[in-house]
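Subject: Structure for you to look at

Dear colleague,

I am handing over the structure below, and I would be glad if you read the notes that follow it with the model open beside you.

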Amino acid sequence: GKAPMRSKSRRTRPPNSLRVLAEQRMAETAPVDLERLTLDEAQAVIHELEVHKIELKIQNEQLWEAQRAAESSNERFRRLYDSAPSGYLTLDSDGMILEANRSISVILKSSRQHLIGRKFSALVAAHCQDRWHLARRDLLEGRTRMDLTLEVLSANGSAVDLQIVGTSAVATDTAPREIHLV
């Protein structure tokens with residue numbers, strides 16, 4: 001028999017490229033014996049391949065469109081979050097600040113860069129630490145909403161009383177549990 005067809009392209013492809021993965025899977029199946037195909041069968045195979053190629057091109061265009069729409073939606077959310085008149089913080093399950101909007105930066109007299117990556121508990125006044133610890137634990141253990149008042153220290157050391165609505169976002173396969181403070 002004839003040797004299997006090789007790609008026209010001689011450039012090296014990354015080992016996890018779709019082309020390489022497809023060729024690896026194809027190597028696991030029996031090759032089509034082109035010499036045994038009639039002309040009509042060969043034309044039917046070529047037609048199917050051309051239709052499949054167009055289907056893949058359409059799917060790729062739809063995926064790009066969906067990705068652009070998701071990016072646009074994400075950007076609209078980012079602007080809304082950032083420009084909200086209320087202060088917002090997003091914490092991970094350990095209480096580390098993942099996101100902070102402009103309003104909370106103004107309230108705490110601290111840049112977002114200074115807030116992000118810090119434990120929220122580091123900002124909570126000593127006499128409110130137990131209340132924060134219990135509230136965080138309750139949110140992580142399944143309580144979906146909690147209202148509380150905490151005294152937080154701003155960057156210049158002044159105390160700020162915050163009326164907080166805490167919510168907990170359930171963990172998914174792609175996103176860990178988060179706590180949102182408003």
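Which strands does H2 lie across, and at about what angle does H2 run to E2? In this predicted model, helix H2 lies across E1 and E2, and its direction makes about 85 degrees with that of E2. Helix H5 also packs on the sheet, where H5 touches E1, E3, E4 and E5 and runs at about 145 degrees to E3.

The sheet itself is open and is formed by five strands, which follow one another in the order E2-E1-E5-E4-E3 with antiparallel pairing. Because E2 and E3 stand at the edges and each has a single partner strand, one side of each is left without a neighbour in the sheet. On average, and with direction ignored, neighbouring strands are turned by 30 degrees against each other. Within the sheet, the antiparallel strands E4 and E5 are joined by four bridges, and Glu-178 in E5 has Ala-169 standing opposite.

The largest nonpolar core comprises 23 residues, and those with the most contacts inside this core are Leu-89, Leu-91, Ile-97, Phe-120, Leu-150 and Leu-181. At least two residues of the core are supplied by each of the strands E1 (89–92), E2 (97–100), E3 (145–153), E4 (159–169) and E5 (178–181), and likewise by helix H5 (129–140). The largest share, four residues, comes from E3. If residues up to four places away in sequence are not counted, Leu-91 touches Met-96, Ile-97, Leu-98, Phe-120, Trp-132, Glu-178, Ile-179 and Leu-181.

Asn-101, in the loop between E2 and helix H3 (102–107), deserves a look of its own. Asn-101 counts as buried because its relative accessibility is 0%, and its side chain reaches the backbone oxygen of Tyr-81 at 3.1 Å. Leaving aside residues up to four places away in sequence, the residues that Asn-101 touches include Tyr-81, Asp-82, Ser-86, Tyr-88 and Arg-112.

Two of these contacts of Asn-101, Asp-82 and Arg-112, lead on to the charged pairs, and the count of salt bridges comes to nine. Asp-82 forms a salt bridge with Arg-112, with the closest N and O atoms 2.0 Å apart. This pair links distant parts of the chain, since Asp-82 lies in helix H2 and Arg-112 in helix H4 (residues 112–115), 30 residues apart. Asp-82 is buried, with a relative accessible area of 10%, whereas Arg-112 is partly exposed at 27%.

A salt bridge also joins Arg-79 to Glu-75, whose closest N and O atoms are 3.6 Å apart. Both residues of this pair, Arg-79 and Glu-75, belong to helix H2 (residues 39–83) and are four residues apart, about one turn of the helix. Arg-79 is partly exposed, with a relative accessible area of 47%, and Glu-75 is partly exposed as well, at 38%.

Asp-138 and Arg-143 form a further salt bridge, in which the closest N and O atoms are 4.0 Å apart. Asp-138 counts as partly exposed at 24% relative accessibility, and Arg-143 is partly exposed with a relative accessible area of 42%. Through salt bridges that share partners, Asp-82, Arg-102 and Arg-112 are joined into one network.

With best wishes

Note on methods. Residues numbered from 1 in each chain as written. Predicted model: local features only at pLDDT ≥ 70, side-chain atom pairs only at ≥ 80, totals over all residues. Heavy atoms only, no water. Salt bridge = Lys/Arg side-chain N within 4 Å of Asp/Glu carboxyl O. Buried < 20%, exposed > 50% of the residue type's maximum accessible area, 1.4 Å probe, protein only. Core = buried A, V, L, I, M, F, W, Y, C linked by side-chain atoms within 4.5 Å. Contact = heavy atoms within 4.5 Å. Polar contact = N/O pair within 3.5 Å; in protein donor to acceptor, adjacent residues only side chain to side chain. Pairing = 2+ DSSP bridges. Axes fitted to C-alpha atoms, helices over the stretch in contact; angles between N-to-C directions.
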